[in-house]
Amino acid sequence: MAKGEWKLMNDPFDREDFAPEWSGRWDEPDRSYRRPERKGRGLVVFAVIMLLLAALCLGAALWLRAGLARPGGQDTVQGDDGEPPVYPQQSTRPTQQEGDPLYGRDDAPELTLYSRADSALFGVQESGLSIPEIAKMVSPAVVGVVADSGTAVYYGSGIILSENGYLVTNAHVIEDGTGLSIITKDGQEFEASVVGSDRQTDLAVLKVDASGLPSAVFGDSGELEVGELAVAIGNPMSMELFGSVTAGVISALDRQIVMEDRTMVLLQTAAAINPGNSGGALVNGYGQVIGINSVKVTASSYEGIGFAIPSASAKPVIDALIAYGYVPGRPAVGIVGEDVSAYYAAYGNVPRGVYIHGVTEGTDAQGKGLKVGDIVVAIDGVTITSMAELNRIKETHEAGESVTLTVWRDGQEFDVTIRLTEAGRE
């Protein structure tokens, strides 16, 4: 996607003079936080009609303020009293409600991973394909994804899963789009609907009303070896560079990369991956998609480090999104949290931990009284300083089980036992 630098903002108070602890590229749009201009109070209002007009203006201003996007893609509401901002819950619910025909349909595909031995079924020589042959085989199944938020347009890539219009992309490609469309290599454009999206694995499945589309063949990433050929196909920057092909090698397997509040296990490749490649294909020497391009880390002293979601770990998520619209069975605490950095802990005289800036309605966390401004400092007796650490412990449990959170509030600590809900079903 033609997007800017992702900054890991660890300060829950969103200070403008805060220096982030890490900077990388996460293929996100450059969404600098813009504060709305305050409307002047004006002269004294003498007529009732002027009072009504002022009230309407105030309502519009509040609506605009609530809709502004903060860095990281969440919405922000900033209090006028100088209190910390309240960030609304980042929903994990599927886009469609249960029973919607977009998922669980009779014509829905199930993703198949083929071994290299199976590649002979597709006319591939035992020694593999040349890069031009790979590009010719796979490029028609790689599409452009356009996400229109109403105020900005974001671009990414996608891979066609089936001839009847199912395709996969990254969740972060579509998260801000209220209108979605895909563009095929031959120039066709289709309106797209979200079947399901999973932020934890950064995967999303879309559906377009089409038939006879060229679909990709997926291989088993478990068969990969370090040093073998890897070819990335996608749309860096925007549709202007549609269908770009870059080549490199598989640099490493099973890289654990911490992104925001989650740890992802990814393939590392030297094939060039740039903004806009997100959701595109990483292909082996046999024309099989073995990864879904997701992340590129950039810094002044680093180059050629790209990451992709392995096909073997993507398969169960894609199948679940197609069948249910979400991934069943994942535990959720019922809070939206943000790391309290060492800088803010010292500045605000608060402990390090996870600052709660949202509590999911209807969860046990809400029922037990957790609220915005609380800081979780431990889970199950283990001290934590980040959401990633909280999630690692949480994910050792199942939905329906309980965890004990140690919470700091107004200078006091207390323990509260929370029953975990099912993520996507809060």
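Biologist: What makes Asp410 stand out in the hairpin of E22 and E23?

Modeller: In this predicted model, Asp410 takes a positive phi near 50 degrees in that hairpin, which has 2 residues between the strands. Most residues other than glycine have a negative phi. Asp410 is not a glycine, yet its phi is positive. In the chain, Asp410 belongs to the loop between strand E22 (402-409) and strand E23 (412-419).

Biologist: Why is Asp410 called exposed?

Modeller: Its relative accessibility is 70%, and exposed means over 50%, so Asp410 qualifies as exposed.

Biologist: How do you know that E22 and E23 are paired strands?

Modeller: Pairing asks for at least two bridges. E22 and E23 are joined by 8 bridges and run antiparallel, so they count as a pair. One example is Val407, whose bridge partner in E23 is Phe414.

Biologist: What makes E20 and E22 a pair as well?

Modeller: The cut-off is again at least two bridges; E20 and E22 have 4, in the antiparallel sense, and therefore they pair. Val407 turns up here too: in E22, it is the bridge partner of Val376.

Biologist: Where does Asp380 lie, and what is its phi?

Modeller: Asp380 sits in the loop between strand E20 (375-379) and strand E21 (382-383). Phi of Asp380 is near 50 degrees, a positive value in a residue other than glycine.

Biologist: Why is Asp380 given its accessibility class, and which class is it?

Modeller: Asp380 has a relative accessible area of 34%. Buried is under 20% and exposed is over 50%; 34% falls in between, so Asp380 is partly exposed.

Biologist: On to charges, then. How many salt bridges does a search of the whole structure find?

Modeller: The search finds 6 salt bridges. Side chains of opposite charge can pair when their charged atoms come close.

Biologist: What makes the contact of Glu228 and Arg116 a salt bridge?

Modeller: The cut-off between the side-chain nitrogen and the carboxyl oxygen is within 4 Å. For Glu228 and Arg116 the N to O distance is 2.4 Å, so the pair meets the definition. The two residues lie in distant parts of the chain, 112 residues apart: Glu228 in the loop between strand E10 (218-219) and strand E11 (229-234), Arg116 in the loop between strand E3 (113-114) and helix H2 (131-138).

Biologist: Is Glu228 buried or exposed, and which class does Arg116 belong to?

Modeller: Glu228 has 15% relative accessibility, under the 20% limit, and so counts as buried. Arg116 comes to 25%, between the 20% and 50% limits, so Arg116 is partly exposed.

Biologist: Are Asp198 and Arg330 buried or exposed?

Modeller: Buried means under 20%. Asp198 has 8% relative accessibility, so it is buried; Arg330 has 15%, so it is buried too.

Biologist: What makes Asp364 and Lys368 a salt bridge?

Modeller: At 3.3 Å, N to O, the pair is within 4 Å, so the name applies. Asp364, in helix H6 (residues 364-367), counts as buried at 16% relative accessibility, whereas Lys368 is partly exposed at 43%. Asp364 also touches Thr417, Ile418 and Arg419, not counting residues up to four places away in sequence.

Biologist: Which residues form a network of salt bridges?

Modeller: Glu110, Lys315 and Asp319 are linked in one.

Key: Residues are numbered from 1 along each chain as its sequence is written. This is a predicted model: local features need pLDDT of at least 70, side-chain atom pairs count only at pLDDT 80 or more; totals for chains, interfaces and linings use all residues. Side-chain values use heavy atoms; hydrogens and water are left out. Buried means under 20% relative accessible area, exposed over 50%, partly exposed in between (1.4 Å probe, protein chains only). Contact means heavy atoms within 4.5 Å.
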